[in-house]
Amino acid sequence: MMSAAFIHKSQSKQGPDRRRNAERRIRSFRFIRQEISLSYWLPVLIAVVAFFAYPIRLYLALNINNLYAEKGKNYDAMIRSLRLQVLESSLGTGDLITIFAVGVASLLCACTMFYYLDSREKTDFYHSLALTRAELYRAKFAAGWIAAAVPYLVNVLGGYFLFGGIYGLLTGETLRTVASAVLFFLLAFSAIYAVCILAMILTGRLLTGILTGVFFLGYGPACFLLMRSLILDNFVTYSSYTDKGSNVIWLLSPFSLMLLNREKQQSSLLGTSFPVMAYHQILPALFLAAYFILSVFLGMFLYKRRRSEAAESSLCYHGFGACVKLLVSIPGGIAFGALFSRSADAGSVSWAVFSVIGVFLINGIIEFIYSRDLKSVPRHWVSLAAEFAGTALLLTLMIVNPFGYDSWLPETDQIRSMSMIPSGGGISILGEYSYGDMSRNAIPMLKDTETGDFAAIYGLAEEGVKNAASAEDSGYDPNVCVMFRMKNGRVVYRQYQVSDEQLQKTENELSAASSWRKKIYPTNFVDPSAIESVEICPWEIEKGPGTAPDLNEDEIRGLIQALREDSNETDLAAIQEENPAGTILFTPKNWSEGISEENNRVDVYSLYIYPEYRRTLEFLKNYGIDLQGNTSGPEETEKNGSSGILSVSVQSKDSSYLISDAGEISEFLRHITQIRYDYTNDGENSDWWYLSVSYEGTQNERSEYFIPDDEAVKILEKNIANED
Amino acid sequence: MIELKNVSKRFQDVQALRDVTSVISEGEVFGLVGTNGSGKSTLLRMIAGVLKQDSGEILVDGIPVWDNPPAKADVCFIPDLSYFPINATPAAMIRIWKTIYPDFQEKRFLELLSKIGMDKKRRIHTFSKGMKKQLSLFLGICSGTKYLLCDETFDGLDPVVRQAVKGLLASEILDREFVPVIASHNLREMEDICDHVGLLHEGKLLLSSALDDMKFNMQKVQLVLRDPMMEEELKARLDVILSEKRGSILTVVARGSYQSVMEPIESMNPVFVENLPLTLEEIFITETEVAGYDVRSIHS
């Protein structure tokens with residue numbers, strides 16, 4: 001009886017509760033609608049911008065019917081291919097306009113929806129409504145989200161279906177591309193919007209809210225760039241190529257995560273020093289989702305506890321201001337110091353002095369933003385002292401190098417194995433190969449080529465440590481990357497500047513082992529199935545342009561196999577001073593994917609064929625290409641005439657030259673020494689030039705490196721085409 | 001009923017409210033008076049659920065108000081500076097108010113607008129300060145909530161509208177369950193409207209009682225005693241709050257009923273005695289003076 005009464009009572013209580021909750025939900029939806037209509041200008045503005053950014057841009061970019069005057073048989077296919085590219089670049093995840101629009105829209109929506117937090121009367125109005133703080137947060141969040149997402153979706157999908165339909169681009173693949181980009185950008189917007197709202201919640205004035213939003217989005221990557229630059233400047237043996245942490249920069253902000261996909265496509269936005277990590281496409285989305293969830297939960301948590309009286313104050317939470325000052329002024333001051341001491345070409349003392357000035361200035365600026373009263377600078381002397389102390393600590397670590405980072409070299413009995421790879425600069429035969437993205441490939445290559453017989457590599461490291469001690473402030477370029485695997489299991493990477501002789505000697509010694517050759521020679525990483533065609537060029541320029549044998553996939557596989565076996569049998573010492581017999585050029589089936597077999601280990605599109613490459617030369621002979629018997633040493637290149645050459649153009653630092661007279665071409669070629677690509681890194685051959693040759697009857701050109709004698713220079717001076 | 005139980009609030013270095021305890025009952029108009037910076041607005045903002053008390057409890061019909069929609073739904077707060085969204089018109093405010101307050105009386109609101117000739121399609125930012133106050137009051141009255149919190153809302157209204165609003169409040173009280181809580185400096189106005197007054201000074205509630213009780217329990221008497229030496233004896237027998245002597249006339253403000261104050265005076269057989277009517281303003285000045293808010297020291 002009692003339990004029945006209890007159930008009845010609780011049911012009767014649940015009824016009105018449920019009804020009240022339903023009413024509140026309905027009221028929340030109405031409130032969202034109301035909020036959007038009150039800020040109607042926001043969706044209108046976004047709709048106008050999106051209209052120009054998508055349908056109008058697509059219309060202009062896809063309207064390429066008369067791109068070329070001559071319409072060949074593949075014209076339609078080419079135009080379609082171009083249109084597909086346009087569609088993907090305009091509506092895909094790499095679209096720069098969308099990336100920046102998402103950033104701006106997020107900040108704008110957060111400011112519009114939560115601007116009431118910067119005024120007492122507005123806060124009174126919203127906080128007196130019969131909504132919980134969480135409901136108000138959700139309603140405001142949803143209103144801003146809808147105001148931005150709906151116009152974006154309408155314009156993107158409208159543009160895609162309209163112009164995709166007109167130009168016949170509505171395929172499953174394009175739909176997938178557009179849909180995944182739309183989802184990605186909506187997720188990115190949600191994450192950045194949530195972060196900006198968090199900034200608004202933490203502050204009580206619009207200006208500080210916007211600055212805090214920018215701080216949240218830019219602080220991580222900016223600090224990372226600064227610290228990395230300082231480490232590279234101050235720790236000369238720090239190995240940037242094996243620095244796995246450098247990829248972290250992309251993950252430090254939802255905005256940089258948006259750039260990651262673009263950078264993957266373009267690989268240039270932030271410069272070459274920040275190569276893109278190998279990642280699955282889902283990774284940025286996962287991190288964005290994490291940022292979104294974290295920011296929403298943190299935002300809601302803080303909003304529930306936010307004091308309404310914080311309106312019109314710069315910051316809502318005590319201690320947050322001091323934290324921000326500390327976080328901004330220390331790296332900002334150090335960057336300020338580095339900038340000024342570098343521009344004055346001054347040393348560490350001026351860096352320290354300028355850094356302290358920088359900290360003081362930045363602290364003053366932040367204090368002024370907070371309180372609009374510079375008297376608060378001495379009032380908050382404790383946090384200022386902490387900023388100075390933090391700066392001093394970082395500067396000490398950078399300048400004094402108290403832990404002996406650059407002089408670190410373990411005893412040989414502590415080392416289990418070592419490996420090395422040349423990392424650019426200086427002469428190295430391996431320099432003829434491009435190993436693609438070194439920050440991605442250096443570690444696997446070092447791990448693949450580990451050896452317990454490391455005396456030669458250890459010698460290299462000893463010289464590197466000595467050079468680091470003597471050249472600490474000279475800013476030289478390191479040219480070898482070394483891995484130490486210690487007996488205790490620890491793996492240490494270092495980068496050194498060593499002499500060309502020592503590097504060559506070490507490479508020659510290591511290449512004596514076929515296991516090492518197999519792990520490092522690039523032929524072993526070429527994927528024959530990724531090659532569309534090959535072209536073979538004889539070494540001598542006069543022998544004409546390349547020949548492209550008509551090889552099917554099996555034949556290409558056979559050629560690569562021969563090249564692989566030949567190169568693996570040849571140690572570096574054998575070809576050290578030798579001119580190649582020719583060059584093999586690869587045309588990949590897909591340029592963006594290259595011809596690499598394993599994780600883009602190599603990035604080669606041409607390789608030298610040496611006279612020792614017996615199988616390869618034999619293979620080519622079977623296809624009517626005879627490269628044998630036409631080689632000579634770099635110092636005594638025989639010239640066999642220059643018939644068939646239309647012109648030779650030469651580019652130097654200051655001028656460009658064009659020789660088109662047959663007699664002069666012949667004379668010029670007699671007075672130059674053609675050199676291998678890797679010789680261009682040789683200090684002795686630092687005065688190399690670069691030429692391009694046009695041949696009769698073909699549009700193909702050849703480009704080679706050479707060293708001219710005085711006679712050749714005179715001929716060039718007579719044929720100057722353009723002086724820069 | 002709104003119950004305030006030991007409510008305290010601090011803004012950084014300023015103690016805005018200290019241990020405030022009071023009850024705002026149904027069927028009365030509650031007036032909140034106090035010196036500048038005494039915490040009137042803070043208290044109203046806390047009752048509206050805008051600010052959270054540091055300690056104590058605020059209950060609206062037995063439910064804590066902070067972050068609690070069922071309690072907040074019964075309260076409409078009209079701050080001293082009302083917020084109107086950019087480009088909003090009275091017509092737009094109807095839509096907003098209807099969303100927020102389900103019982104909003106649209107028809108009545110439109111009638112009120114037409115009575116004072118306010119154009120419902122005119123943008124509010126073109127209104128004068130007084131017109132905005134009128135609009136806020138009309139919105140508040142028509143919101144249909146049980147409690148209406150007005151923070152200095154009457155200040156800035158012209159006398160005609162003020163009278164009209166007083167009439168509106170009275171009719172609302174007659175028509176439905178309606179409890180206005182009004183904070184103001186205009187004590188004469190408050191005396192006309194309020195049944196119950198809470199007096200705040202430096203964050204403390206000096207007194208909170210029905211206005212009639214307040215007047216009943218405090219007497220202002222002018223008298224002339226035969227023997228001036230008896231003045232001290234009289235003061236000792238009374239609960240004197242204030243006394244002032246001009247010439248031979250002694251003015252005394254003392255706590256107690258008419259009888260309890262007059263009996264000791266008359267027992268001394270004074271030459272002259274007269275019980276003077278006390279205004280709210282006098283009660284205010286008297287109580288705040290006792291609490292250390294000496295008005296005379298400001299102008300002297």
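Begin with chain A as a whole, where residues 24 or more positions apart account for 77% of the contacts with a separation of 6 or more, a contact being a pair with heavy atoms within 4.5 Å. This is a predicted model, in which local features need pLDDT of at least 70 and side-chain atom pairs count only at pLDDT 80 or more, while totals for chains, interfaces and linings use all residues. Residues are numbered from 1 along each chain as its sequence is written, chains are lettered from A and ligands numbered from 1 in the order in which they are written, and side-chain values use heavy atoms, with hydrogens and water left out.

With chain A still selected, colour by secondary structure to find 22 helices and twelve strands; helices (H or I, at least four residues) and strands (E, at least two) are DSSP runs, numbered from the N terminus. Of the 724 residues in chain A, 51% are buried, where buried means under 20% relative accessible area, exposed over 50%, and partly exposed in between, with a 1.4 Å probe and protein chains only.

Next, select residues 75-91 and 172-202 of chain A, which are helices α3 and α7, whose axes come within 9 Å and cross at roughly 15°; the axes are lines fitted to C-alpha atoms over the stretch in contact, and angles run from 0 to 180 degrees between N-to-C directions. α3(A) and α7(A) are therefore roughly parallel, the word used for angles under 35 degrees. To see the contact, show L84(A), L87(A), E88(A) and L91(A) on α3(A), together with T174(A), T177(A), V178(A) and A181(A) on α7(A).

Now move to chain B and select L51(B), in the loop between α1 (40-47) and β4, which counts as buried because its relative accessibility is 1%. Leaving aside residues up to four places away in sequence, L51(B) touches S308(A) and E309(A) as well as F11(B), T42(B), R45(B), M46(B) and W66(B). A distance drawn from the C-alpha atom of L51(B) to that of D67(B), 16 residues apart along the chain, reads 9.6 Å.

Finish with two backbone angles in chain B. Most residues other than glycine have a negative phi. Q12(B), however, has a positive phi near 50°; Q12(B) sits in the loop between β1 (2-11) and β2 (14-24) and counts as exposed at 57% relative accessibility. D61(B), also not a glycine, has a positive phi of about 50°; D61(B) lies in the loop between β4 (55-60) and β5 (63-64) and counts as partly exposed at 32% relative accessibility.

Key
Parallel < 35°, antiparallel > 145°, perpendicular 65-115°, else oblique.
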